[in-house]
Amino acid sequence: MRTETRNRANWLILLTATTVLTGGCNSGYQISAIEGHYIQVTPTAHPDPTAIQLVNSYRSQLEGIINEVIGYATTDLVAGKPESPLTNFTSDVMLTLDTRYTGGKPADFSLMNVNGHRAAIRKGDITVGDIYSTYPFENELIVLTLKGEQVQEVFEAYARMGGAGISSTVQLQIKDKKVSKAFIHGNSVDPEQVYTVVTIDYLAEGNNGMKPLTKALSVTPVNITLRDHMLDYVRNTSASGQQISATTDQRITLE
């Protein structure tokens, strides 16, 4: 007998196939009959007290973790293009990555996609659950080294998509979906210079229009998720008596 269940709104369709063995030892099975019926699913249908008790025990533990307040936001942080408070915040925090991963000195800039943020961080208390809602993916931080030629290609990709997350060490001016000016640390991009970039593995693999990142001279995994890095930053900021704030600052402008 084989039983299969499929969700249909608030119902389950239960299909039962009855099989019979035919012939001798080398014979196979054949379906002799198929029948089905609906079972309505409600909050009180077929309760299992043991399962309910188990789920409730984990729920109370989980709620204690996700409701922990780890910081305070002075304003709403929302993601958008060409730049936004949330993408700016994330990118700048990525740039605070420990220099043991970036060759002993801070990285030149960081990159983050807009859709990597799945919820805004609202003004007020920031909980662990808020950070999980904003950064739900298991994206890990990655350190790349790129020649200026590839960096310029990345910036051109940003221009075509109308902007995305980038650290304050970069200033981009975009006109007609092309880069009109690009500066790193206030200097024009040198095609022959090697730059250190912090990003996430999703982008390093060339996703979301970031094909130029696959041309990196070196790739250094950090083995830290972006979410954990953001959690640590908010906790440490709060422990030092500071609050979370971010705004737009003209790091990406559209002419």
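Predicted model: local features only at pLDDT ≥ 70, side-chain atom pairs only at ≥ 80, totals over all residues.
Strand β5 (residues 109-112) and β8 pair in the antiparallel sense, over two bridges.

- L111 sits opposite I166 in β8.
- Zooming out, the sheet is open, has five strands and mixed pairing, and runs in the order β8-β5-β12-β7-β13.
- The edges belong to β8 (165-166) and β13 (218-225); each has a single partner strand, so one side of each has no neighbour in the sheet.

**Helices on the sheet**
- Helix α4 (residues 148-161) packs on the sheet and touches β5, β7 (140-147), β8 and β12 (194-200). Its direction makes about 120 degrees with that of β7.
- α6 packs on the sheet too, touching β5, β7, β12 and β13, with its direction at about 60 degrees to that of β13.

**Where α2 meets α6**
- The axes of α2 (residues 85-94) and α6 (residues 226-239) come within 10 Å and cross at roughly 90 degrees, which means α2 is roughly perpendicular to α6.
- On the α2 side you'll find F89, T90, V93 and M94; they meet L226, H229, M230, Y233 and V234 in α6.
- That contact is made up of seven nonpolar residues, two polar ones and no charged ones.

**A look at T90**
- T90 lies in helix α2 and is buried, with a relative accessible area of 0%.
- Its side chain makes polar contacts with the side chains of H117, at 2.8 Å, and Y135, at 2.7 Å.
- Setting aside neighbours within four places in sequence, T90 is in contact with M112, H117, Y135, L226 and M230.

Note on methods. Residues numbered from 1 in each chain as written. Heavy atoms only, no water. Axes fitted to C-alpha atoms, helices over the stretch in contact; angles between N-to-C directions. Helix = DSSP H or I, 4+ residues; strand = E, 2+ residues; numbered from the N terminus. Parallel < 35°, antiparallel > 145°, perpendicular 65-115°, else oblique. Contact = heavy atoms within 4.5 Å. Nonpolar A, V, L, I, M, F, W, Y, C, P; charged D, E, K, R; others polar. Buried < 20%, exposed > 50% of the residue type's maximum accessible area, 1.4 Å probe, protein only. Polar contact = N/O pair within 3.5 Å; in protein donor to acceptor, adjacent residues only side chain to side chain. Pairing = 2+ DSSP bridges.
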